[in-house]
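Welcome! Please take a moment with the sequence and the structure below, and then we can walk through the fold together.

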Amino acid sequence: MVAPPDNDVLWARALHVTRNGSPTLTGVSLGVREGEILAVGGPRGSGKTTLLRCLSGQLLAHQGEVWFNSAPVHTMGPLARERLRRDKFGWIDPEPRLVPELNAWENAALGLMLRGGARRGARTAAHEWLERLDIGDCARKRPHALTQAERQRVCVARALACAPSVLFADEPTAPLHRADRAHVLRTLTTAARSHGITVVLATHDAEVASLADRTVTLLDGRRVHTVHLPGDEAGSGGRAGAAKGSRVAAPTPTGTATPTDSDTEGRAACSLSA
């Protein structure tokens with residue numbers, strides 16, 4: 001067992017996950033620096049959600065290691081991993097999941113109250129984030145009275161109100177229209193940077209991935225790298241060149257990737273994951 005680098009808040013090595021006899025992740029390794037916004041790109045079914053679930057302790061990989069701040073998540077028991085998710089991690093699903101009996105601000109404050117926080121402080125934080133997400137006037141409405149876009153914003157507010165060390169966002173803007181998506185993403189990324197929150201963002205949308213500091217790309221459960229072809233303008237910052245002059249290289253062979261292997265696929269990789 002090798003200890004992770006000191007500057008990585010999350011570190012994974014050689015993750016293997018099999019579901020129903022088929023590999024979902026095959027030898028995936030990566031590191032995430034503190035305060036970084038990392039996009040995990042790739043088409044649907046490439047293993048993005050499985051990777052986020054492994055990194056957050058929701059799912060134990062069949063092989064491999066996951067570390068959070070030098071603590072081995074892969075050796076923790078169920079209760080320890082549950083406490084870690086409650087106290088240190090935030091999660092946003094692609095579809096809004098709210099408690100129907102609670103109104104919007106109570107749903108947004110739920111994570112804080114589950115941590116044992118005072119109701120008054122939790123309510124203040126919830127209202128603050130609902131206002132930032134332009135749904136402050138919905139604070140007393142229950143989920144059935146909200147649109148799907150409003151419900152998803154409540155889920156984003158719930159994740160941010162807890163001030164997590166790491167926020168995992170699995171296609172967080174999937175149910176939103178373009179205008180709503182832009183506002184939610186802007187709020188999410190601004191909040192992450194101003195509060196020092198590390199974000200791991202799964203997306204198949206190149207436009208969403210372009211907001212991240214860095215992108216890693218999955219294909220069929222493996223990390224892939226981008227090869228620039230002759231005439232590619234991506235090296236000089238041309239996004240059109242990234243789309244036209246790049247192609248995905250062969251997946252990294254099983255077990256050879258490490259968190260220090262070229263961890264900078266860059267924007268060109270983003271354009272290939274749409």
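## Before we start

Here, contact means heavy atoms within 4.5 Å. Please also keep in mind that this is a predicted model.

## The sheet

Let's begin with the strands. Six of them form an open sheet: 6 strands in the order S6-S7-S8-S3-S9-S10, with mixed pairing. Strand S6 (89-92) and strand S10 (222-224) are at the edges; each has a single partner strand, so one side of each lacks a neighbour in the sheet. From one strand to the next, the twist averages 25°.

Now look at one pair inside the sheet. Strand S3 (residues 37-41) and strand S8 (residues 198-202) run parallel and are joined by 4 bridges. Ala 39, for instance, has Leu 201 in S8 as its bridge partner.

## Helices across the sheet

Helix H6 (residues 178-195) lies across S3, S6, S7 and S8, and runs at about 135° to S3. Helix H2 (residues 78-88) lies across S6 and strand S7 (166-170), at about 80° to S6.

## A pair of helices

How far apart are the axes of helix H3 and helix H5? Helix H3 (residues 104-114) packs against helix H5 (residues 148-161) with the axes 7 Å apart and an angle of about 30°. Angles under 35 degrees count as roughly parallel, so H3 is roughly parallel to H5. The crossing of H3 past H5 is right-handed.

On the H3 side, Ala 104, Asn 107, Ala 108, Gly 111 and Leu 112 meet Val 154, Ala 157, Arg 158 and Ala 161 of H5. The residues of this contact comprise 6 nonpolar, 2 polar and 1 charged.

Conventions. Residues numbered from 1 in each chain as written. Predicted model: local features only at pLDDT ≥ 70, side-chain atom pairs only at ≥ 80, totals over all residues. Heavy atoms only, no water. Pairing = 2+ DSSP bridges. Helix = DSSP H or I, 4+ residues; strand = E, 2+ residues; numbered from the N terminus. Axes fitted to C-alpha atoms, helices over the stretch in contact; angles between N-to-C directions. Parallel < 35°, antiparallel > 145°, perpendicular 65-115°, else oblique. Left-handed = near helix turned anticlockwise from the far one by under 90°. Nonpolar A, V, L, I, M, F, W, Y, C, P; charged D, E, K, R; others polar.
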